[in-house]
Amino acid sequence: MDKEPTFFDFAAEVGLTKHLGGLGATEELIELCHIGEGKYVLDVGCGAGVTPCFIAKRYGCRVVGVDISEGMIERSKERAKREGVADRVEFRVADAQDLPFEDDLFDAVITESVTAFPEDKQRAVNEYARVTKPGGYIGLNESTWLKVPPPPEVVAWASQEVGASVKPLTSDAWAGLLEGAALREVIVRTYEINTQNEARGVLRRYGCRGMLGVLGRILSLYARSPAYRRFVKEVREGGLTPENLDEYFGYGLYVGRK
Amino acid sequence: MISDDLLAILACPACKVKVELVKDTWLVCTNDECRRKYPIRDGIPIMLIEEGDKYVDVAVEDLGTP
């Protein structure tokens, strides 16, 4: 029998991936990593390819996107073609902890809601640093405990919202990973989350037409997959957003220089 | 089709030695000690160590369509 599908299998199927802070956070990360024309950028855990295509389109950069899921990479390739950037965006299936690139290649390596997932986060960050050119930037947007220990209802909400296997860290621990990879000029910016803004962010990231496509795929998946119907039921039973959420859970931008 | 630019920078995720394109559908690690081979399925190179492990003992000439 096949394994029970995960949160990310569903996300790949419907072509919807997101990270906290939405497009605004992406733009801020791009600025902090000095990404601009002519830069060579790696997006680790690129999901459905939204950020690589955005960077290629707006800044004219060459971008490589990697994701551990073959389904996500298929979506990414479709998107690059649709957005007319297939000539400067390439995708590979790869694990953040074992990147398939030579040393000192990229001007910037970014991740959005990705490094909170691998078992060995330091190994992943060391890999980001290895493939970055000396003087280049490594930028993370990752879910963050603003206060510890988080109460159980907040932990439950976070795993449902961001993915069941998410393991957020405190901002000190995230910064520690960058320092552990011998990065310098470390910048830390943490933010509370605002659930209304998150919904707006998804709409801005995908646009109205994009969202209609996503909704169509969600309906079709709901109609044909009993596993997805179970997942939706679990989410509905999970209840409302905890009142004290923003006190404990948020996201942070963490940037270091090689 | 995999671009020459990207092929030039691709390395084996396990040993980080260069890979070479074989039969248009495989990326084979050029390190004799490693010998991992990564399939290109539907135009997507699968550069995962566990995928490469599966074909360590398969000779290059015996590699089929992924």
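Axes are lines fitted to C-alpha atoms, for helices over the stretch in contact, and angles run from 0 to 180 degrees between N-to-C directions. The model is predicted, so local features need pLDDT of at least 70 and side-chain atom pairs count only at pLDDT 80 or more, while totals for chains, interfaces and linings use all residues. Residues are numbered from 1 along each chain as its sequence is written, and chains are lettered from A, with ligands numbered from 1, in the order in which they are written.

**Helix packing in chain A**

- Helix H5 (residues 121-131) of chain A packs against helix H7 (residues 171-180) of chain A at an angle of about 50 degrees, their axes being 9 Å apart; helices are DSSP runs of H or I with at least four residues, and strands are runs of E with at least two, numbered from the N terminus.
- The crossing of H5(A) and H7(A) is right-handed, the near helix being turned clockwise from the far one by less than a right angle.
- H5(A) contributes Lys121(A), Gln122(A) and Val125(A) to the contact, and H7(A) contributes Leu177(A), Leu178(A) and Gly180(A) (C-beta atoms, placed from the backbone, within 7 Å).

**Interface of chains A and B**

- Chain A gives 16 residues to the contact and chain B gives 15.
- On the side of chain A that touches chain B, helix H4 (70-82) and strand E3 (89-94) each supply at least two residues, and E3(A) has the largest share, five residues.

**Strand pairing across the chains**

- E3(A) and strand E4 (residues 44-47) of chain B run parallel and are joined by two bridges (pairing requires at least two bridges found by DSSP).
- Met47(B) in E4(B) stands opposite Ala94(A).

Note on methods
Two residues are in contact if their C-beta atoms, placed from the backbone, lie within 7 Å.
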